[in-house]
Structures are given as structure tokens and as C-alpha cells.
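Reader: Could you walk me through this one, and tell me what each term rests on?

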Amino acid sequence: MRSVALFLKQPLVVALVLIVALLYLGESLSPGFASADQILRLLIVASLLGIVAAGQNVVILGGREGIDLSVGGVVSLSAIIAGNVMNGADSGILPAVLACLLAGAFFGLLNGLGITLLRIPPLVMTLGMLGVLQGLLVVIRNGIPSGRAAPGLSAFVTQPLVLGVPGIIWLWIAIGVFMAFMLNRTVFGHRIYAIGSNEHAAYMAGVPVRLMRIGLFMISGMFAAIAGLCLLGYSGSSFANVGEQYMLSSIIAVVFGGTSLAGGKGGYTGTMAGALLLVILQGILTTVNIDESGRQMVFGATLLLLMLFYGRGRAMRA
Amino acid sequence: MSKLRLNGVSKAYGATLALRRGDLEIAGGEVHVLMGSNGSGKSTLCKIIAGSVRPDAGQILIDDKPVSISGPQSARAAGIGIFYQELSLASHRSVEENICLSALPVKGGLFVDRAALKARAARYIALFAEVAGEGFHAEALVGNLRADQRQLVEIMKALASEAPILIFDEPTSALDRAQVDRFFEILRGLKAQGRGIIFISHRMDEITAIGDRVTIIRDGETIETLKLSETDPGTVIRLMVGGASDMPSARSSAPAVAATQEEAAMSVRKLTGKGFRDISFEVARGEILGLGGLHGQGQSALLRAIFGASTVTSGEVTIGGERYNAKSPRDAIRRGCAYVSGDRGRDGVISGRPIIENVTPIHYLRDRLMIARPSSLRDKAMPALEAMHTKFASLFHPINSLSGGNQQKVIIARWLIDRPDVLLLDDPTKGIDLQAKSDLFALIRELAGEGLGILLYSSEDAELLGNANRILVFNGGSVTRELTGDDRTRYNLYQAAYEAA
């Protein structure tokens, strides 16, 4: 009996139970909500969020109040870069991918350098970087939408690829497998947990703490860039601040999945469930005609509630 | 008439007797010195007088009248002022506010009387005006002061209590010569006023310079009170050490350095850094070199600096004849150096993670691994953990599920998977049980037998005397004496530790 109770308290199990419950709720509010087509669509949207959250996840696991608030800005920037580089031609996809990854890595590097060398707290550093990115977006675009997705990219994101499932969902699954492997079976992964749970002990055991931390922010930037590219494929063209919503929702997905904001504890599988859950919640809110501002309020309240449930008795800055 | 008298005061923490029997008598107009080794019960005795620890039994009399001291406030009311060894200052407040902190002058029952505060603080600041050094003034923030200046503020704060009975627990550890001299002049003035002063210091020269009488505490018991003018340092140290103090440590327990292994595992030349200066020595392969002396005399600072965890300002370290001077722990590990800290919570344990991940980080680095395969890691980890007799159910259980001693064994095993050339042990048995300690030292001697050079700092003299081939005694950041062969006695160790730096 106790083990059942314990099992039900696992964040991952909680998330999965909630997913089923929310799908049921959605279906009863609006028949067709849980149809196969709809679920595929939800999965596509969840993939975009899940990819951003993968980067957010490693940064948070790395501890020392690690958090990346600039992911939304990188998503938007990457969507614009991709749109302009490929400009509707399939031949431009590969250069676009490279350009986006480069941009994501670059801004992640700046975040990492600011946090490790200048000792700026991650919250402040990445928030500042978000401001810089938003300004940059206004400058390069001058308010006018530009660039189009290549048909190949759009197909990858929206059309069935294998077994009737679009490529982006396969990509997300692949990222899930990669993350699980990296965190559990590589030295790099073990070191992420080590610096997240006791940075000083990790340093004394020869872990290159600063280099690791810079690396984590670069990974976060690159995942956000991939998500930005895919988002362009999903919407066809990029529009103003297309990535804005990912800042808050990526953090919620990570926390929902059982990763501690204090670092050193958690993993990506839970984050995937968290991302899915959030997207379903968002779908339900849309179904019952709650607008964007209302959805943001619900998201914010969700994060606070989660902190209440998971964070109890554990100081954030442990 | 005595100013303060303690009759049969005792204090136990659980099963540990911190103070078995404390009898003490302080006369008005004397400086009474308390002496005893680390953990002998001096601090407990002071805390009982100052009201921060309540005794289990015994009687306290002030001016021959029994008093009950229920807390720091009531101690102050009874006329007791204390200088705390671990300074009790508010670092974001000014010098003058700190001096008056325990009794802020108030006007109208509500507001701090700034003028009165300034005037009161100025009196005590003036006492040290010539020796306080640059940047020391009434409005300076305590957090911006040097260590010696902060210690002066704590002294001023104790003086400002104007208590008839004053306790100074190691008040001079950070002060320079001139500051100590000035402080002693002030103490003599207080003596002349008829106050009773309790003074704790580990410097024999200071004790003979200022003290009138000395009470020796050993193993939680006040042994004897002597007039300092009628005794000599040797007698005091002998009383502190207790019986069998002149016996050389058992030779059988420490392996002799094998003749074939005369080459140095590590040599240190004129090494200077934060907390230690001008240290030179060689550790032969197969040798256990002990670092002795009182706590915090530079032993840990030296070990951490050798390991690259703090900076070295000058000097050279070589391993196997090659210049080594590590820039970081990572660098040190790569060149065959290992460091086991007694503070496992801070330096060792990766909390919440499985035992296996706590054993393997050094192996990852030294073997330049990328992939962590549990099956091959298990083969590496198990022998190291078994050598330490570590008790655990599964390699994949979190390290927090183990007892403190077993956690420390896991941390030590971490360093043994790939054998280092030099092993630095920084009080490695702190807070672990006796069985774990003896397991650890058996292993350390075995490792020395395999040709490792080992540096051992321990806060327990028995561990040094029982295991080290040679002992370097640290005092005030430098080595003041080297004990070899039959000189390795408790008496010599204490004498070197307590003599003037």
C-alpha cells in the first residue's frame, strides 16, 4: 500500500495521470479534442516546447540558481534567421540549420561567460540577454515580417513522415533518448548532476565547473535555436516575438517534470511529460475561449502551485 | 574573597562528557589563564560562565554569592563580559555600533541615542588608536576591516561591557606584536581596577607575559591551578599532556621508510600562500609525513594550496622531480595528487546522487572517460570500496542513505581507484566512528607500503603520533619544529605547538 502511495507521488506518474485526466476533460468540453488528429497536433506543439525545455532542463540541473530566461528571445531570433536564410527554398534548409545553431550557441556562450567570468546571477544575466535579443529583433526586422519557411521544413514539422507521425515528433523522441543517455550514461551527464548538487565538491574532484556551466548555457541556446527553426516550419512565416511564450512555459515544463529548481535533481523524461501536459492545458483553455493573457495568468499560477507542491521544505538555494 | 568561583560544574552532550568536573576560582585583580588541548573542555567552561551553555550540575558563585545564570542576558546582568573566539560582529554595521551593540544607549525609551553611542564608542576606539592601523575609524563598516582590526573591535566590544568579570577566549590570534602589547597594557589597567580576567591563549610567551595564575584542564577536568611565577612552561605542558608524555610513539605502528625508496614523492620549497609561509619539506615515497600543531596554524591551508584549491604566492612544489605547482584541483589530480578533506559535506559528498557517481569522478578524469558504463565502473569501484570495508546495499542507492563514516569511506575510495602518487589527508577522520578510523589508518599505512607519499594533518594527536614517520609542527603559519624517531612524543608535540611563533 505504501509503495502504491509512493508510486503515485512520483512526479512522472502524477504528470501522466494528469495528462489522461486533462484529455478526458478536453474531450467532454469539446468532442473531438482527444481525436487522433488533434492529439498529433498537440504533440507537434508539445515537441516545440519540449525541445526548448531540454535546454532549460540542463541549465536548471546544473544548479547555482541556473535558469535561462533568454530562450524565448533565441527562439524568435532563430525563426527570423532561418526564414531569411532559406527564404522558401529547400536548398536553404541546411545553411539555415547551421546558422541557427551558431546563433544559439553564440548567445548561450555570452550567457555562460557573463555568469561564470563576471559572476552575474543567471536570472539577471539571461533576463538582460532577453532584453538585448528583443531589441535586436526590432532592429533587424524593422517591424516588417520577412522570410518564409522552405516547403521541406514545413512538411517535416506538419506532415506525416513515418508511421503517420510528423518528423518533428520523431525528432523530439530522438532528443528524449539522447537526453536520457547523456544524463545517465555519460561522464558529462554525471558531472551536470555533480555541479548541480555540490559545486564545491565537484570542483575538488576535478570537474571543470566553469567550462561545464558555459557549455550548459550553449546547449540551452542551441536547443532554443532548433525550436525556433521548427516553429518557423510550423507557422510558415515568422511573426513578432513568436518565441516569447517559451520563457515561462519551458520553466514550468521542467518543474512539472520533477526537476528541482535548486539543481542536481530530476531528468528529461519528466520534462517531456510536463511539456505535453502544458500544451494540453493550453488547448483546453483555448477551447473554452480564454485568451492569451488569461492563459499566461493560468501558467504563472500553475508554476507557483507546482513550487508549493514540489518545493515544500526545500529551500530554493539549497 | 573571590570574584568568581565554580564548584564541580559539569556538562554532558548526550553520552559525551564535555566537562567532567570544573573547579575554578578567579580573584579580583588577576589574569587567570586557562590551558588545555583542543577538546579538553575550555570552551565549554567559558560558555557556561557566559550563559550560552547551561551546566548539568555544580555551583557558580559571584562575589561568594551563589548565582543562577540562565542565559547570556543574565550573565551580562551578573557582571560577566566575554570576547568570543568566533567573532560575534555585525559586518554591515559600523565599528561604533558594534562596540555598543550589546547595550545600545537609548533616549525616550525608543530611539538610539547617537551622540551617546559615539561618545561611548570613542572611548574604546581611543584605547587602540595608535595600533589599529590604516582605515580603522568609528564609522568604518566592520565587513571592510582586516582580520586583526575586526578582532580589535571584538575586544573593544568586550571592554565596553565594563563587566567586573571579563573572559577573553583567544583574543590575540590575529593581532600583531604592537597590538598585543597595547592590549596587555589595557589588561594590566583593568587588573589594577580589581577586575577578574579569564584569558585563553595558545602562545606560551603571552601566557607568561600577562598571566598571574594558570588552571590546566585535561579531558574535561580541571587538573591543577598554579602560580605562573612559581612554575615553568615545561611543567604546564606536562600537566596538560598527562601521564606517559615522554614516551616515544610506538614504532611498530608506523612503517619505517624503506631504504630502496629514498627518492622524494613530493618536495616543497619555500612555499608561501594565504595562511602559511616559507614551508619547505620532502616526502619520500612510502613515507607518512604528519603535520601537527594547534588547529588552524596553516596545515589545512598548505594542503589546499598544494592541491591547487587556493593560490600560492611564491615557492615551488615538485612531484617526481618535475615542477608541479597545481593551478586547480583538476590540474593536481591529473598529475597524481589526491586530497581527502575532513569536511565531507562541503568538499566531498555529491548529495542525492548514487554511491557509484560519488566514487567515480576522479576515475573519469584520470582515464579521460566519456561514457559511464555501469558494468565496467562497478568493477573499478567495488575493490576500492571493499578495501575501505564500506557497508552499503547497492551502488545505486543515494550516498545520503549511508552513515557519516561510510560516506567518508566512499569519498576516500574515490581517490583510490587510480592510485595517486601523493595523498594529502586534511583531518580525514573528522566526525567518523572508531572502527572507520582504524580501517582508514590501516589502509593508509598499506598505501604508504605501496610507495605513495602521504601528508597527514590530523586534529587528533594520537593519530599523528601513531601513524606518521615524521611530524612537522606548525605554529602561526610556519613549521617551527620537526619531530623524528624517539622525539615523537606528546610532550614534544605540545611544547612545539604552544611555544611562541
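Author: Chain A and chain B meet through 19 residues of chain A and 23 residues of chain B. This is a predicted model: local features need pLDDT of at least 70 and side-chain atom pairs 80 or more, while totals for chains, interfaces and linings use all residues. Residues are numbered from 1 along each chain as its sequence is written, with chains lettered from A and ligands numbered from 1 in the order in which they are written.

Reader: What makes two residues count as in contact?

Author: Their C-beta atoms, placed from the backbone, lie within 7 Å. By that rule, 12 residues of domain 2 of chain B are in contact with 13 residues of domain 3 of chain B. On the domain 2 side, α16(B) gives the most, with four residues.

Reader: How do you know where domain 2 of chain B lies?

Author: The bounds come from an automatic or database domain assignment. That assignment gives domain 2 as 244–336 + 420–501 and domain 3 as 346–419 in chain B. Their C-alpha centres lie 25 Å apart.

Reader: Which residues does Ile454(B) contact?

Author: Leaving aside neighbours within four places in sequence, the partners of Ile454(B) include Glu287(B), Leu423(B) and Ile444(B).

Notes. Helix = DSSP H or I, 4+ residues; strand = E, 2+ residues; numbered from the N terminus.
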